[in-house]
Amino acid sequence: MSMPLFNFTLGGDPLDLDRIRGILTRLEDTIIFALIERAQFAHCPRAYQRGALKELTDIGFQGSWLEWFLKETESFQAKARRYTSPDEYPFTPISELPPPILRPVSYPQVLYPNKVNANPSILSFYTRSIVPRITRQATLALAALKRANGITGDEEHEDEANYGSAATLDLEVLQAVSKRVHYGKFVAESKFVDDPAAFIPHILKPNRAALEALITKPEVERKLLQRLRKKALVYAQGFAPDGEPLGEAVKIEVDGVVELYESFIIPLTREVEVDYLLERLNGMSEGQIDVLSKKTKQ
């Protein structure tokens, strides 16, 4: 499934909350389908261990197979100026990526300048917690097959032939989750410009708990998780030739998809929103802040 995009060059308000919610809702589909695709391959833990592949250490790369795959792919994407877009964040440090080949695009100044980047946390959680869970069924099937062929121990869980396929799907999941989490900045900016007076005292103090309370909507989150579970239940099913669902969620563990959102994506998005807000007044004079403080919700 293609990544939901907002075309910043065609006008429209990128801070419109309804527009942002639409993008986040479509990202749910992207993330679910990408997780289902990744679940068909075994865990392959060595692919996530730094320095574990001799083929990479021989060329001087000390990171993991996935980190190398990300860097190579993001290098190409950087040349196509992907990471000049306000809603794109590479997992590879930007200083290690090549400059764009295409001429710069004049994007509108949507977000306040900031250094918030949650990708290190996303990569760590995904490789340590999500991959082992969603690939459990495929990993057990591979291990049984390998034992039948006399292969036991750690090698039961490695499928070297599919390292490339697994990494391709890992990249799709990671980039979709990254976009979803970092869209929290757009949510935070939209709410800030709508009512700066409500936020500024808690930014100046600073008071993370108060800022989180201002941006958290428990009822919206509850409905999101309900919608997500329903989607995952449908998408995880097999379908008969006539299009009727077979009634069994066999492609992926639905609870694992919901838990990913409930225990990680939603809380991390809130962290990104708060971290962004805490940088929202950086570089402003007292006079500029005072003017903003007098603006209340319309």
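Trainee: Is Arg-81 buried, partly exposed or exposed?

Mentor: Arg-81 is partly exposed, because its relative accessible area is 23%. Buried means under 20% relative accessible area, exposed over 50%, and partly exposed in between, with a 1.4 Å probe and protein chains only.

Trainee: What should I know about the model itself?

Mentor: It's a predicted model, where local features need pLDDT of at least 70, side-chain atom pairs count only at pLDDT 80 or more, and totals for chains, interfaces and linings use all residues. Residues are numbered from 1 along each chain as its sequence is written, and side-chain values use heavy atoms, with hydrogens and water left out.

Trainee: Which other non-glycine residue has a positive phi near 60°?

Mentor: Cys-44 has one. Cys-44 is in the loop between α1 and α2, and with a relative accessible area of 2% it is buried.

Trainee: What about His-43, buried or exposed?

Mentor: His-43 counts as buried, because its relative accessibility is 16%. Leaving out residues up to four places away in sequence, His-43 touches Arg-38, Tyr-48, Thr-127, Val-131, Pro-132, Thr-135, Thr-139 and His-157. Contact means heavy atoms within 4.5 Å.

Trainee: OK, on to α4. Where does α4 bend?

Mentor: Helix α4 (residues 119-134) bends by about 40° at Tyr-126. That bend is the angle between axes fitted to the seven residues ending there and the seven starting there. Tyr-126 is one of the buried residues of α4, along with Ile-122, Leu-123 and Ile-130 among others. The cover over the buried residues of α4 includes α1, α3, α5, α6 and α11.

Trainee: New topic: how do α8 and α12 cross?

Mentor: Their axes come within 8 Å and cross at roughly 135°. Axes are lines fitted to C-alpha atoms, for helices over the stretch in contact, and angles run from 0 to 180 degrees between N-to-C directions. The pair is therefore oblique; under 35 degrees counts as roughly parallel, over 145 as roughly antiparallel, 65 to 115 as roughly perpendicular and the rest as oblique.

Trainee: Which residues make that contact?

Mentor: Pro-196, Ala-197, Ile-200 and Leu-204 from α8, with Ile-289, Leu-292 and Ser-293 from α12. By class, the contact of α8 with α12 has six nonpolar, one polar and no charged residues. Ala, Val, Leu, Ile, Met, Phe, Trp, Tyr, Cys and Pro count as nonpolar, Asp, Glu, Lys and Arg as charged, and the others, Gly among them, as polar.

Trainee: Which peptide bond is cis?

Mentor: The one from Lys-205 to Pro-206, with omega near -15°. Pro-206 is in the loop between α8 and α9.

Trainee: Zooming out, how many helices and strands are there?

Mentor: The chain has 12 helices and two strands. Of its 298 residues, 46% count as buried.

Terms used. Helix = DSSP H or I, 4+ residues; strand = E, 2+ residues; numbered from the N terminus.
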